[in-house]
There are 2 protein chains.
Amino acid sequence: MLKKYLITPGPTAVPEQVLLDMARPMIHHRTPEFEAIFKEARQGLKKVFKTEQEPLILASSGTGAMEAAVVNTLNREDKVLVINGGKFGERWIKICQTYGIEVSTIDLEWGSSVKAEDVKAFLDKNPDTKAVFVQGSETSTTVYHPVKELAAVTKNLPETLLVVDGITSAGVHDTRFDEWGIDILITGSQKAFMLPPGLAFITLSQKAWNMAETSRLPKFYFNLKTELKNQLKNTTAWTAGVSLIIGLKTVIDMMEKEGIDNVFKRHEINAEATRQAVKALGLKLLAKDLPSNAATGCFLPENIDGKAFVKYLRDKCGISLAGGQDHLAGKILRISHLGYHDAFDTITAISAIEMGLLKFGANIELGKGVAAAQKVLMGEMPEI
Amino acid sequence: MLKKYLITPGPTAVPEQVLLDMARPMIHHRTPEFEAIFKEARQGLKKVFKTEQEPLILASSGTGAMEAAVVNTLNREDKVLVINGGKFGERWIKICQTYGIEVSTIDLEWGSSVKAEDVKAFLDKNPDTKAVFVQGSETSTTVYHPVKELAAVTKNLPETLLVVDGITSAGVHDTRFDEWGIDILITGSQKAFMLPPGLAFITLSQKAWNMAETSRLPKFYFNLKTELKNQLKNTTAWTAGVSLIIGLKTVIDMMEKEGIDNVFKRHEINAEATRQAVKALGLKLLAKDLPSNAATGCFLPENIDGKAFVKYLRDKCGISLAGGQDHLAGKILRISHLGYHDAFDTITAISAIEMGLLKFGANIELGKGVAAAQKVLMGEMPEI
């Protein structure tokens with residue numbers, strides 16, 4: 001018997017109540033019943049993102065919303081800056097280049113966070129930069145980029161947008177869209193929002209909507225002006241992802257019941273417990289500066305084949321964690337804290353890693369990582 | 001957010017696939033479709049109980065099958081022996097007395113297992129004893145009684161039945177109905193069989209069926225001869241518990257896929273890991289002789305209010321364990337290993353107990369119990 005524990009940085013576990021609500025009989029999307037659900041879901045997103053702007057719900061993965069951010073606000077030959085410190089930073093570059101946009105980058109070693117002062121220095125030298133693209137949390141490196149400080153740099157520049165891929169940071173780290181002055185925030189359904197993949201959320205500031213007026217890049221499915229017109233009437237331009245949106249309404253209810261700020265706090269505590277646990281086991285953290293609370297990356301001992309280790313935990317113990325990508329493949333482990341994840345998921349992950357390490361020949365003491373995690377969880381979790 | 005972990009000795013967690021199969025549209029019980037499922041479920045029960053006899057499926061809790069065992073085989077003023085070492089031993093006494101049966105008892109301190117030689121001595125002195133009633137596993141005390149040895153005592157007595165309440169031992173401890181010579185074996189759906197409560201299973205030996213011929217106690221719903229006649233034709237005398245039986249078919253498939261003997265082994269390993277963990281934490285085991293692999297009982301430190309402790313773990317940590325009953329109320333903790341329970345459920349339970357103990361002022365070392373459990377799980381679980 002193999003119980004399955006999905007502790008990867010997306011997709012993440014879906015709560016039973018959400019699964020049940022999504023399993024209810026299909027309803028039509030052009031009905032008052034659906035429109036009422038859709039309206040409530042969108043109102044809830046505003047609270048999570050702390051904005052009075054209009055979050056738009058798209059039937060796509062997060063990558064679709066990344067492309068929407070580009071094609072709705074920019075033009076060919078526009079100049080942009082991409083913070084390039086991991087797999088998803090690279091994705092911004094590829095999307096921009098597809099549309100003939102001129103990309104400059106700040107290249108970071110995988111594991112490092114960008115410094116807001118470096119972005120400011122670049123923009124001072126290149127005032128014609130139309131947008132700065134960044135990940136709130138770079139999932140491939142488990143690093144957080146300082147969104148608030150970056151927004152402080154772009155906030156008063158009338159023609160430079162801050163575009164944040166918040167796919168693993170929105171709903172995880174407190175992200176104050178209006179107060180901080182973010183221009184575009186993107187996220188997906190399968191991370192902090194505890195849903196199956198298939199929905200993306202994108203919110204634009206007034207500055208971003210102004211730039212949309214002059215953007216001439218081609219777009220049809222991802223035309224956000226068309227979406228806005230429809231979503232203000234509680235419907236969608238194209239067929240809505242009905243079941244996922246029904247599930248989103250349940251997720252929003254769960255988040256509001258827990259308290260939005262408590263959701264952020266829970267992610268922080270489970271992340272901190274995991275960081276202390278892996279350090280107690282003598283493993284080096286991947287994040288050098290600001291660690292993400294979405295997932296914790298750590299290096300495995302050099303003599304352990306990380307791919308075999310991840311496969312062993314998944315196939316023999318039922319514990320799905322993520323390995324590394326590109327040059328970190330086989331070298332690191334990434335442990336998720338996203339979404340429907342509690343203190344005992346953290347302990348399950350750590351205890352499995354301990355047993356796996358011993359099985360793979362590492363010289364570790366069983367229970368030591370668990371104890372380090374327990375200390376954080378007990379000290380910080382209000383309920384434990 | 002409070003995830004819920006049901007680690008009580010029944011009801012137990014129901015696997016997702018079983019829940020999904022039970023949620024399929026209702027079918028009628030007098031149909032070839034249902035009869036095919038019913039037949040397969042009963043064939044599966046034979047493999048679990050290791051018998052060629054006919055396990056009967058009743059729509060009742062286990063207590064109904066306990067009563068059925070009495071009313072189908074005995075008469076008023078018959079003499080019986082009850083092994084009385086806990087809450088469920090007491091239930092045999094009450095049922096027998098309800099029907100005017102003369103009950104003798106072997107009274108055991110809660111936590112002790114009966115000795116087969118004591119039963120033999122009693123039967124030697126009282127050869128007119130019609131039945132010996134025992135729990136395979138006494139859930140209230142987490143004690144195993146030596147079923148095999150007891151059956152060896154009664155096997156060659158032509159007019160003395162061994163009636164085993166296997167509600168938390170069948171499907172947990174290897175129980176060889178035919179080979180050992182058990183006469184009646186009872187179990188329920190909500191323990192090792194990983195189902196919601198509502199079904200009971202009862203199997204009679206030829207000796208028990210012979211005694212049924214002369215039993216004149218009143219019975220209607222629980223008339224097992226009527227049931228047998230129907231169930232041999234793959235139907236039930238009264239309306240069948242359709243959804244639960246559909247779920248039972250899935251459970252049987254899961255058990256066969258895992259291997260029946262591997263199911264027993266898994267219970268044994270999780271129980272042993274838990275025993276080693278609570279000992280490492282300095283807690284005294286309740287079971288003095290033979291511990292049950294269904295659940296592990298241990299005494300809490302004397303200055304801890306066990307009721308408050310169980311309530312705290314349930315309401316604040318989401319971990320449902322059982323406390324004590326009657327004179328053990330508030331003094332002990334019972335940790336289940338039943339049914340859909342894996343190594344990480346054991347670790348979750350132990351880590352929660354550790355944090356709870358520290359919270360309640362006990363002087364324990366975090367991670368020490370977890371490490372003791374991990375050692376057993378790693379050494380014994382084929383996959384870890």
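Chain A has a radius of gyration of 21 Å, which agrees with the value near 21 Å that a compact globule of 384 residues would have. The radius is taken over C-alpha atoms, and the globule rule is 2.2 Å times the number of residues to the power 0.38. This is a predicted model, in which local features need pLDDT of at least 70 and side-chain atom pairs count only at pLDDT 80 or more, while totals for chains, interfaces and linings use all residues. Residues are numbered from 1 along each chain as its sequence is written, and chains are lettered from A and ligands numbered from 1 in the order in which they are written.

**Chain A overall**

- Along the principal axes, the C-alpha atoms of chain A fill a box of roughly 60 × 55 × 35 Å.
- Chain A has 14 helices and 13 strands; these are DSSP runs numbered from the N terminus, with helices being H or I of at least four residues and strands E of at least two.
- Of the 384 residues in chain A, 55% are buried. A residue is buried if 20 or more other C-beta atoms lie within 10 Å of its own, exposed if 12 or fewer, and partly exposed in between, with C-beta atoms placed from the backbone.
- Taking contacts in chain A between residues at least 6 apart in sequence, 71% join residues at least 24 apart. Two residues are in contact if their C-beta atoms, placed from the backbone, lie within 7 Å.

- E117(A) is part of helix α5 (residues 116–125) of chain A, and counts as exposed because it has 10 C-beta neighbours inside 10 Å.
- From E117(A) to E149(A) the separation is 32 residues in sequence and 8.7 Å in space, C-alpha to C-alpha.
- H327(A) sits in the loop between β12 (319–320) and β13 (332–336) of chain A, and its 8 C-beta neighbours inside 10 Å make H327(A) exposed.
- H327(A) and A240(A) are separated by 87 residues in sequence and by 38 Å in space, C-alpha to C-alpha.

**Contact between chains A and B**

- Chain A contributes 26 residues to the contact and chain B contributes 26 residues.
- On the side of chain A that touches chain B, the elements giving two or more residues are α12 (306–317), α13 (343–359) and α14 (368–380) of chain A; α13(A) gives the most, with 8 residues.
- That side of chain A has 12 nonpolar, 4 polar and 10 charged residues. Ala, Val, Leu, Ile, Met, Phe, Trp, Tyr, Cys and Pro count as nonpolar, Asp, Glu, Lys and Arg as charged, and the others, Gly among them, as polar.

**Helix α14(A) against α13(B)**

- The axes of α14(A) and helix α13 (residues 343–359) of chain B come within 11 Å and cross at roughly 50°. Axes are lines fitted to C-alpha atoms, for helices over the stretch in contact, and angles run from 0 to 180 degrees between N-to-C directions.
- That angle makes α14(A) oblique to α13(B); angles under 35 degrees count as roughly parallel, over 145 as roughly antiparallel, 65 to 115 as roughly perpendicular and the rest as oblique.
- α14(A) passes α13(B) in a right-handed crossing, where the near helix is turned clockwise from the far one by less than a right angle, anticlockwise being left-handed.
- V370(A), Q374(A) and M378(A) of α14(A) meet S351(B), E354(B), M355(B), L358(B) and K359(B) of α13(B).
- The residues of this contact divide into 4 nonpolar, 2 polar and 2 charged.
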